[in-house]
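Colleague: Please pick out a single residue for me and take a close look at where it sits and what it touches. After that, I'd be glad if you set it against the rest of the chain.

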Amino acid sequence: QYDNVLVRVDILERLPHDVWHLIEVKASTKVKPVHLDDLAVQAYVLGGAGLTLAGMRLMHLNRNYIHPGGPLDMAQLFTLADVTAAVVQQVAEVPVRLHQMKAMLIRPETPNIQPGAQCHEPYECRFWAHCTEQKPARWLFYLPGSKRNFLKLVERGIDTIDEIPAGTPLSSAQQRMKDNVEWIGPQLQQALKSVQYPIHHLDFETFMPALPRYPQTRPYHTLPFQWSNHIEMDDGSVCHEAFLSSERKDPREEFALRLLESVGSTGTICVYSDYERGVLQNLAEVLPSLRREIQAVMSRLWDLFSIVQRHYYHPGFAGSYSIKSVLPALAPHLDYADLEIRDGELASLMYRRMMFEDVGMHDEIRIRTALLEYCK
């Protein structure tokens, strides 16, 4: 473990007659193609070092393991998959690929490879920003949707969105980005009139520990630990309420009880995307005594993401309907860049650190303040 997150481990298991098993441990919940590539390289290296491998296995987390409490059952927590046949097939390709890589490295000039979708699979290349810094703001790659369209247009010599010929088949989102003007759908006003005061503007933060921390949870169980609720009245006044778990116990029941108290029984509950609905659905399943009240809250949810996506476009969105794109376009005075915590992944990481590490009182206060400000 590192910082409460399971990371990669390699194990060599020695068998009789100097034969070995190679076992790689991943924080994943399934075997992925990139894992086979990894094992193939390791098997090639070990074979070159003179070891005889009888098999290659991938050990990964078992998503079906439900922690009953107490010490973790390691035999149930992990699943062992025999991937020998697939890895052996790929080991044969390693020398060829190594030869190609070495030939590339000794060339005096860098390869002329245009950045594209391959730079993000299976992981994002660390040189993406470097290779794209000279690209125009309206570079064709930024067109939303399938990158197959990107490749087809590149083959036609098109480099920017503005160069796309009229009549080219585009989705509505792609066409709006190409038009690059503000667009207001005719049904927007009607959609906005459907909200009822008081309007609760709600946001959740969650964390997903690889190793279950609480009874009746599984690897990567989504656990909500924080919410923010801006309550807007019909006279335009707004008040703010918030919750952030402060104890090392399972936060879900207190999270739900405090939320039910804050949202009450009246008014539209505005969220951005379906994420909050999914979290509430999970809470209703694990807290049967609160199921009816939680389901009542779910019936009041109003997804602003779908409203914006169907009825409005601003050139500042640059083809994206993420809150990180929509917010600065419509409310430039609100900016995540001014915050210490700027995204949900970092919020989750900082919460785990605050809860499960000895960070000291000063850092705990700083992290708590930053979490509250981000969610707000």
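Modeller: Happy to! S348 counts as buried because its relative accessibility is 8%; buried means under 20% relative accessible area, exposed over 50% and partly exposed in between, with a 1.4 Å probe and protein chains only. Bear in mind that this is a predicted model, in which local features need pLDDT of at least 70 and side-chain atom pairs count only at pLDDT 80 or more, while totals for chains, interfaces and linings use all residues. Residues are numbered from 1 along each chain as its sequence is written, and side-chain values use heavy atoms, with hydrogens and water left out.

S348 belongs to helix α14, which covers residues 344-356; helices are DSSP runs of H or I with at least four residues, strands are E runs with at least two, and both are numbered from the N terminus. Leaving aside residues up to four places away in sequence, S348 is in contact with T206, F207, M208 and F225, where contact means heavy atoms within 4.5 Å.

Another buried residue worth a visit is K178, in helix α7 (residues 172-179). K178 has no salt bridge, and its nearest side chain of opposite charge, D179, is 5.4 Å away; a salt bridge needs a side-chain nitrogen of Lys or Arg within 4 Å of a carboxyl oxygen of Asp or Glu. With residues up to four places away in sequence not counted, K178 touches R138, I161, D162, I164, P165 and L170.

For the surface, look at V41, Y44, V45, L98 and M101, which make a nonpolar patch of about 410 Å². Helices α1 (33-48) and α4 (94-105) are the elements that give two or more residues to this patch. The most comes from α1, with three residues; V45 lies in that helix. Patch members have over 30% relative accessible area and no salt bridge, with nonpolar side chains (Val, Leu, Ile, Met, Phe, Trp, Tyr) joined within 5 Å and like charges within 9 Å.

Now the whole chain: 15 helices and eleven strands, with buried residues making up 39% of its 376 residues. Among contacts between residues at least 6 apart in sequence, 62% join residues at least 24 apart. The C-alpha atoms fill a box of roughly 80 × 65 × 40 Å along the principal axes.

Conventions. Lys and Arg count as positive and Asp and Glu as negative; His and the chain ends are not counted. Accessible areas come from the Shrake-Rupley method with a 1.4 Å probe; for residues, only the protein chains shown count as cover.
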